[in-house]
Amino acid sequence: MSARIPRLGVLLAVLAFLAPSPAAAAAPELPDQIAAGWKADRIFVYDALRPAFPKSELDRIRAAAGTVPFPVYVALLPRTPATRDLDLPTLLQARVGQPGLYLVWTVSDDYWAGTETLIRPGGLKGRNLTRVQLDDQQDNKIVTDRPAPRIVRTIQQAATAYDGRALPAVPAGDLTPERRYDNGLSATDKGDRAAFIGMGVGGVLGFVLVIVLTLRRRDRRSAPRKRGTQSGLTGPVNIWSVRGKADRWIVKAGKTLKRLETQISRTDVSSEVLDRRDDAKARLAAARTLRADESDDLTAPAGAFVLARQAHEAASGAGVRPPCFFNPLHEPGTVQAAWSDETEVPACTSCAKVLERGETPRGFLVWKKSGLLRLDHKAVPYWTLNPKEQPLVATGFGALEDDLTERVSRGDR
């Protein structure tokens, strides 16, 4: 018996050594991390962003949050599939359980985008935050390469929705500057031309000249005859600005569609409501497909913007409106305006007034190859492009024919 005791002790020691160690506690989910961080500081900065995050940006956000009569919760995160797809403001408000403004802003490279939710105390009514943002003429002109300008503006918009105070003007330093481009020959083209002249290749130059003149004559013949002239052409808008507008409308359309789905699940609804739901879902899916295009083509995010806005209109029951033919980023085309003696197009009120003066609106500009060797880029109205090369613009982003959803589903761009 005494000999068995040491052996039993050895066996127990071996079993204790071989037994698996307790599993390490799983890291809390991101919403739980943010909610826990907000207990100490209502501005949460992701650990990987914190070392290089400018203090001046945080100070400005804190100052703006201190001017409103409701708590402001801000989360600054890297843009990942998780932070892009989750409805983080709603998840975070559920964890905190307090009314207030919840903002989640993510960054990819130097582009900041965000979502927000304003939760009011029970019984307190006011304007809809989304409506305030839509009425804000400067909302889509704010820079996106740093977070504070847009976050501060969102806080100001929430205050307007909350108690009706007037929106202040956006500081000039927070607005995207107008960009102007020289549409003449580039330095490369001039150098190439000088090299050809220096080599005395007169025959080649003559041949190139004939080709250039032929292409110009063909462009004049193919361009539609319009009243008046186009003056003051600058350059296309920054592609990040167009993507930002599309992102904001995709989020808004998604929220509106969710509210409609909730209504359908709780009550008996008519077939007309179900048709609106299906139409909104199709347009929103097409918008997300176009927005996934990360090329430098401006038409893809512009189409995503149009479809997302129409998805919001369909889901809200306001009625789907065509875009402004001249610039799909403008207000919807609520006016049938005469562009020529035989052509009428839907236009926003601003572009309609330009047409009344006998002029053609500046329009939505895109890049087109130009120059002696076609190495330069020239800013031109989108409708001057070859529709076979740019099928997405063949119907004016759906202004002339409501078929953008079908074109995207077929793979047209």
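Trainee: What should I know about the model before going on?

Mentor: It is predicted, so local features need pLDDT of at least 70 and side-chain atom pairs count only at pLDDT 80 or more, while totals for chains, interfaces and linings use all residues. Residues are numbered from 1 along each chain as its sequence is written, and side-chain values use heavy atoms, with hydrogens and water left out.

Trainee: Are Cys348 and Cys351 buried or exposed?

Mentor: Read the relative accessible area: under 20% is buried, over 50% is exposed and anything in between is partly exposed, with a 1.4 Å probe and protein chains only. Cys348 is buried at 3%, and Cys351 is buried with a value of 3%. Across the chain of 413 residues, 40% are buried.

Trainee: How many helices and strands does the chain have?

Mentor: There are 14 helices and 8 strands.

Trainee: At what angle do helix 10 and helix 12 pack, and how far apart are their axes?

Mentor: Two packed helices are described by the angle between their axes and the distance between the axes. An axis is a line fitted to C-alpha atoms, for helices over the stretch in contact, and the angle runs from 0 to 180 degrees between N-to-C directions. Helix 10 (residues 239-266) and helix 12 (residues 299-316) have axes 8 Å apart at about 20°, and are therefore roughly parallel. The cut-offs are under 35 degrees for roughly parallel, over 145 for roughly antiparallel, 65 to 115 for roughly perpendicular, and oblique for the rest. Their crossing is left-handed: the near helix is turned anticlockwise from the far one by less than a right angle, whereas clockwise would be right-handed. The contact includes Trp249 and Leu257 of helix 10 and Phe305 and His312 of helix 12. By class it has 15 nonpolar, 3 polar and 4 charged residues. Nonpolar covers Ala, Val, Leu, Ile, Met, Phe, Trp, Tyr, Cys and Pro; charged covers Asp, Glu, Lys and Arg; the others, Gly among them, are polar.

Trainee: Which residues of helix 2 and helix 5 meet?

Mentor: Pro31, Asp32, Ile34, Ala35 and Trp38 of helix 2 meet Leu88, Leu91, Leu92, Arg95 and Val96 of helix 5. The axes of helix 2 (residues 30-38) and helix 5 are 10 Å apart, at about 55°, which means that helix 2 is oblique to helix 5. The crossing of this pair is right-handed. Its contact has 8 nonpolar, no polar and 2 charged residues. Gln93 is also in helix 5 (residues 88-96). This glutamine, Gln93, is buried at 19%. Beyond residues up to four places away in sequence, Gln93 touches Gln98, Tyr102 and Ile119.

Trainee: At roughly what angle do helix 3 and helix 7 cross?

Mentor: Helix 3 (residues 55-65) and helix 7 (residues 147-163) cross at roughly 5°, their axes coming within 9 Å. Helix 3 and helix 7 are therefore roughly parallel. Among the residues making the contact are Arg60 and Ile61 of helix 3, and Val152 and Ile155 of helix 7. The classes are 9 nonpolar, no polar and 2 charged.

Trainee: Is Arg60 buried or partly exposed?

Mentor: Arg60 is partly exposed, at 27%. Arg60 and Val152 lie 92 residues apart in sequence, yet their C-alpha atoms are 7.7 Å apart. Leaving aside neighbours within four places, the contacts of Arg60 include Arg146, Pro171 and Asp174.

Trainee: What is the phi of Phe397?

Mentor: It is positive, about 55°, although Phe397 is not a glycine. Phe397 sits in the loop between strand 8 (376-381) and helix 14 (404-409), and is buried at 0%.

Definitions and conventions:
Helix = DSSP H or I, 4+ residues; strand = E, 2+ residues; numbered from the N terminus. Contact = heavy atoms within 4.5 Å.
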